[in-house]
Amino acid sequence: MCYVHYTPSRGRTRRHNIIVHTIHDSCNPLFAAITWHLGLSSPSPESAEPLLSAPRALRLAAAVRNTKSVLLHLSCVGLSKRQVYNLLCRARNIGIKNIFALRGDRPDNDPSDFRYARDLVHFIRENFGNYFTICVAGYPMGHPEADSIHQDLLYLKQKVDAGADFILTQFCFEVDPFINFVLQCRKIGITVPIIPGIMLIQEYSSLLHLSRICKVEIPKAVLNIIEPIRDNQEAVRKFGVHLAVKIVSQLFSSNQLQAVHFFTLNRASSITEACKLLGFYTAEPAKSLMYVQETEESSEK
């Protein structure tokens with residue numbers, strides 16, 4: 001079972017829709033995670049509904065919603081309770097029922113009404129009951145701002161206790177950190193599903209960039225293979241597929257895996273190839289573990 005991750009960007013709605021349908025036809029994912037952030041639109045600070053000013057994420061979500069479930073990212077950085085409420089109503093109105101509740105990278109003097117992701121989870125449950133399935137983020141190597149991995153696990157438990165239904169982790173390049181993370185979560189009473197993030201490496205420069213901005217260390221064993229082929233993008237891409245398939249296969253063999261979350265980087269070839277090698281492709285549509293919108297017609301114009 002696989003989940004896929006898309007990021008909308010400026011002026012590429014048609015290209016994104018093609019990528020979405022290519023991946024869904026080949027890989028049959030159970031849901032599609034859609035990233036959005038205020039920087040896509042640069043709305044005015046007075047905007048009560050940033051997604052109305054920047055509907056790229058919702059348009060891309062609508063393209064996926066015809067066939068699969070959508071997991072819409074919601075970062076509370078810079079947002080008031082009123083703004084978040086309006087955003088969630090907007091998502092609900094177009095049929096989205098799954099929210100990835102995130103704090104996001106908080107700048108100095110952040111005016112948000114939400115200090116932590118757990119506050120956002122609590123707000124969603126308080127105002128929308130069980131309408132939304134809520135996902136939260138987990139960090140196998142610990143959140144960069146946490147004083148320790150144990151402290152970070154306790155924060156994660158607070159998010160689950162506030163009402164989160166499952167956890168998606170930051171991307172991993174090795175199996176052991178994820179398995180250890182799951183075992184530690186279970187020890188402190190976190191029982192919800194935990195799904196690993198798997199990065200499909202596309203090119204050397206983007207790997208270093210993502211590692212830097214996400215503060216995820218690249219294992220030396222991975223760098224030792226990639227650096228000699230850094231200028232051969234296709235060789236790097238092929239290695240990325242090989243590494244992802246190897247990690248997922250080992251995780252399934254460990255019996256610690258219920259599904260996997262692929263970061264597509266908006267490219268269809270690697271995810272399609274990996275899913276075929278893993279046997280995720282089926283002739284029949286996958287039965288979603290989450291909500292599947294029954295209405296085929298999108299209200300987004």
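Lys-238 is partly exposed, at 39% relative accessibility. Its side chain meets that of Glu-273 in a salt bridge, 3.2 Å from N to O. The pair links distant parts of the chain, with Lys-238 in helix α10 and Glu-273 in helix α11, 35 residues apart. This is a predicted model.

Glu-273 also forms a salt bridge with Arg-237, again given as 3.2 Å, N to O. Arg-237 lies in helix α10 (residues 233-253) and Glu-273 in helix α11 (residues 268-278), so this pair ties together parts that are 36 residues apart in sequence. A network of salt bridges links Glu-234, Arg-237, Lys-238 and Glu-273.

Six salt bridges are counted. Another of them joins Asp-165 and Arg-125, at 2.6 Å from N to O. Asp-165 sits in the loop between α6 (149-161) and β6 (166-172), and Arg-125 in helix α5 (residues 117-128), so parts 40 residues apart in sequence are tied together.

| Residue | Relative accessible area | Class |
|---|---|---|
| Asp-165 | 32% | partly exposed |
| Arg-125 | 16% | buried |
| Glu-273 | 23% | partly exposed |
| Arg-237 | 10% | buried |

Now the whole fold. The protein has eleven helices and eight strands. Of its 301 residues, 54% are buried. Among contacts with a separation of 6 or more, 80% come from residues 24 or more positions apart. The accessible surface is about 14200 Å², and carbon and sulfur atoms supply 50% of that.

The whole structure contains zero disulfides. Cys-89 is buried at 15% relative accessible area. Cys-185 is buried too, at 0%.

Notes. Residues are numbered from 1 along each chain as its sequence is written. This is a predicted model: local features need pLDDT of at least 70, side-chain atom pairs count only at pLDDT 80 or more; totals for chains, interfaces and linings use all residues. Side-chain values use heavy atoms; hydrogens and water are left out. A disulfide is a pair of cysteine sulfur atoms within 2.5 Å. Buried means under 20% relative accessible area, exposed over 50%, partly exposed in between (1.4 Å probe, protein chains only). Helices (H or I, at least four residues) and strands (E, at least two) are DSSP runs, numbered from the N terminus. Contact means heavy atoms within 4.5 Å. Accessible areas come from the Shrake-Rupley method with a 1.4 Å probe; for residues, only the protein chains shown count as cover. A salt bridge is a side-chain nitrogen of Lys or Arg within 4 Å of a carboxyl oxygen of Asp or Glu.
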